[in-house]
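The following exercises ask the student to read a protein model step by step. Each task is followed by a worked solution.

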Amino acid sequence: MSQALTLAMSAGAAGEVPVGAIVVCDGKIIGKGANAPIRSHDPTAHAEIQALRAAALVLQNYRLNGCTLYVTLEPCAMCAGAIQHARIERVVFGAKDPKTGACGSAVNLFAEPLLNHHTRVEGGTLAQQCGDLLTNFFRERRAAQ
């Protein structure tokens, strides 16, 4: 998670919402991502999506069986869908997102019984650090306006 936090800090320094993600397979990082929708003009350029794309290229497969995704913020519905389609085995997230979190805060797409793949979810890892990074980012943005 600490490496995902470093990616989140770089996203925040670039003016993006500070979220970072990594994909780990067999103990090795195979994908990294930092939020980039503003600078890339791409609404799908969330950290999780960036990390999934990078990992899929490394494995040469869109299925990321046996992989774990670490992300500093609870995934949204778009990212939760991509995570499930990629067959990620486990998601570990830091801070909860009460407005758009899809791991139980706003909705819980990972618990949907009709879906054919069920990713394990663990929340709260380095939650304070992840949450503080987001809180400080938005506080600074509001102060600058």
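Two residues are in contact when heavy atoms of theirs lie within 4.5 Å. The model examined here is a predicted one.

**Exercise 1. Determine which residues of helix H4 are buried, how they are arranged, and what they pack against.**

Solution. 
Step 1. A residue counts as buried when its relative accessible area is under 20%. In H4, this holds for Cys79, Ala80, Ile83 and Gln84.
Step 2. Viewed along the axis of H4, these buried residues fall within an arc of 135 degrees, so they line one face of the helix.
Step 3. The elements against which the buried residues of H4 pack are H3, E3 and E4.
Step 4. Just after H4 comes Arg87, which takes a positive phi of about 65 degrees.

**Exercise 2. Describe the largest nonpolar core and the surroundings of Val23.**

Solution. 
Step 1. In soluble globular proteins, nonpolar side chains tend to be buried together.
Step 2. The largest nonpolar core of this model comprises 37 residues. Val23, Leu64, Leu69 and Ile88 have the most contacts inside this core.
Step 3. Two or more residues of the core come from each of these elements: helix H1 (2-13), strand E1 (20-25), strand E2 (28-34), H3, E3, helix H4 (77-85), strand E4 (90-95) and H5.
Step 4. Apart from neighbours within four places in sequence, Val23 is in contact with several residues, among them Ile30, Ala51, Leu52, Leu69 and Ile88.

**Exercise 3. Locate two residues that are not glycine but have a positive phi, His41 and Gln60, and decide whether each is buried or exposed.**

Solution. 
Step 1. His41 has a phi of about 55 degrees. Its place is in the loop between helix H2 (37-40) and helix H3 (47-59).
Step 2. A residue is exposed when its relative accessible area is over 50%. His41 has a relative accessibility of 72%, and therefore counts as exposed.
Step 3. Gln60 also has a phi of about 55 degrees, and this residue is found in the loop between H3 and strand E3 (68-73).
Step 4. With a relative accessibility of 65%, Gln60 counts as exposed.

**Exercise 4. Characterise the largest pocket by its volume and its lining.**

Solution. 
Step 1. The volume of the largest pocket is about 480 Å³.
Step 2. Its lining consists of 18 residues. Val17, Leu73, Asp97, Thr100 and Phe138 are the ones that lie nearest the centre of the pocket.
Step 3. Sorted by class, the lining has nine nonpolar, four polar and five charged residues.
Step 4. Helix H5 (residues 127-144) supplies the largest share of the lining, namely three residues.

Terms used. Residues are numbered from 1 along each chain as its sequence is written. This is a predicted model: local features need pLDDT of at least 70, side-chain atom pairs count only at pLDDT 80 or more; totals for chains, interfaces and linings use all residues. Side-chain values use heavy atoms; hydrogens and water are left out. On a 1 Å grid over the protein atoms alone, a cavity is a set of points where a 1.4 Å probe fits but cannot get out, and a pocket is an open set with protein on both sides within 12 Å along at least five of seven lines; lining residues have an atom within 4 Å of a point. Grid points are joined across faces, edges and corners, and a volume is the space filled by probe spheres set on the points. Helices (H or I, at least four residues) and strands (E, at least two) are DSSP runs, numbered from the N terminus. Ala, Val, Leu, Ile, Met, Phe, Trp, Tyr, Cys and Pro count as nonpolar, Asp, Glu, Lys and Arg as charged, and the others, Gly among them, as polar. Buried means under 20% relative accessible area, exposed over 50%, partly exposed in between (1.4 Å probe, protein chains only). A nonpolar core is a set of buried Ala, Val, Leu, Ile, Met, Phe, Trp, Tyr and Cys residues joined through side-chain atoms within 4.5 Å. The arc is that of the directions from the helix axis to the C-beta atoms.
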